[in-house]
Amino acid sequence: STNRSKIAKLLRYHSTKSGEEMTSLDDYVGRMDDKQPGIYYITGESKRSVETSPFLERLKKKGYEVLYMVDPIDEYAVQQLKEYDGKKLLSATKEGLDIEDDEDEKKAFEEARLRARDCASS
């Protein structure tokens, strides 16, 4: 467990705000809005595939940064880590993601979630 936090400090990811650079979890937490409930991430096969995900729209609209976890080990790592610096790691694609939305945003998110599920099962 002590090694887990030491290793977590070394992790680097691209994100919705990092451009071509990679960002650390410390830097991410430093940029977080006070009202942001946690560290958002999205997993996928490539940076390109996650950058265009409809799941990011709601979070970007709120000004929240989302980490791109595109390495196969990232999903395992995030399951082990669960939180960093007292902030929970939250999947941008998780059902029931707690973001205060208006009704149009909720409907668009649900449609995107269903499309993603249909693509995954075909």
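Begin by selecting Leu11, Tyr13, Leu25, Met69, Ala77, Val78, Leu81 and Leu89, which line the largest cavity. On a 1 Å grid over the protein atoms alone, a cavity is a set of points where a 1.4 Å probe fits but cannot get out, and lining residues have an atom within 4 Å of a point. The largest cavity holds about 30 Å³ of space; a volume here is the space filled by probe spheres set on the points, which are joined across faces, edges and corners. A search of the whole structure finds one cavity of 30 Å³ or more.

What classes of residue form the lining of this cavity? The lining of the largest cavity has eight nonpolar, no polar and no charged residues. In this scheme, Ala, Val, Leu, Ile, Met, Phe, Trp, Tyr, Cys and Pro count as nonpolar, Asp, Glu, Lys and Arg as charged, and the others, Gly among them, as polar. Helix 5 gives the largest share of this lining, three residues.

A note on the model is needed here. The model is predicted: local features need pLDDT of at least 70, side-chain atom pairs count only at pLDDT 80 or more, and totals for chains, interfaces and linings use all residues. Residues are numbered from 1 along each chain as its sequence is written, and side-chain values use heavy atoms, with hydrogens and water left out.

**Next stop: the second largest pocket**

Select Arg4, Ile7, Ala8, Leu11, Tyr76, Ala77, Gln80 and Leu81, the lining of the second largest pocket. A pocket is an open set of grid points with protein on both sides within 12 Å along at least five of seven lines. Helix 1 (2–10) and helix 5 (72–81) are the elements that give two or more residues to this lining, and helix 5 supplies the largest share, four residues. The volume of the second largest pocket is about 160 Å³. By class, its lining has six nonpolar, one polar and one charged residues.

**Next stop: the sheet**

Now colour the model by secondary structure. The protein has six helices and six strands; helices (H or I, at least four residues) and strands (E, at least two) are DSSP runs, numbered from the N terminus. From the N terminus on, the order of the elements is α-β-β-α-β-α-α-β-α-β-β-α.

The six strands form an open sheet with mixed pairing, in the order 2-1-4-3-6-5. Strand 2 (23–24) and strand 5 (83–84) stand at the edges with a single partner strand each, so one side of each has no neighbour in the sheet. Two strands count as paired if DSSP finds at least two bridges between them.

Select strand 3 (residues 38–43) and strand 4 (residues 66–69): they run parallel and are joined by four bridges. Here isoleucine 42 stands opposite tyrosine 68 in strand 4. Strand 3 also pairs with strand 6 in the parallel sense, over four bridges. In that pairing, isoleucine 39 has leucine 89 of strand 6 as its bridge partner.

Strand 5 and strand 6 pair in the antiparallel sense over two bridges, and tyrosine 84 stands opposite lysine 87 in strand 6. The two strands form a hairpin with two residues between them. Select aspartate 85, in the loop between strand 5 and strand 6 (87–91). Its phi is near 55°, a positive value in a residue other than glycine. Most residues other than glycine have a negative phi.

Is aspartate 85 buried or exposed? Aspartate 85 is exposed, with a relative accessible area of 55%; exposed means over 50%, buried under 20%, and partly exposed in between (1.4 Å probe, protein chains only).

Lysine 82 is the next selection, in the loop between helix 5 and strand 5. Lysine 82 also has a positive phi, near 60°, and counts as exposed at 56% relative accessibility.

**Last stop: glutamate 21**

Select glutamate 21, in the loop between strand 1 (12–15) and strand 2. Glutamate 21 is exposed, with a relative accessible area of 57%. Not counting residues up to four places away in sequence, glutamate 21 touches Tyr13 and His14, where contact means heavy atoms within 4.5 Å.

Finally, display the whole protein: of its 122 residues, 37% count as buried.
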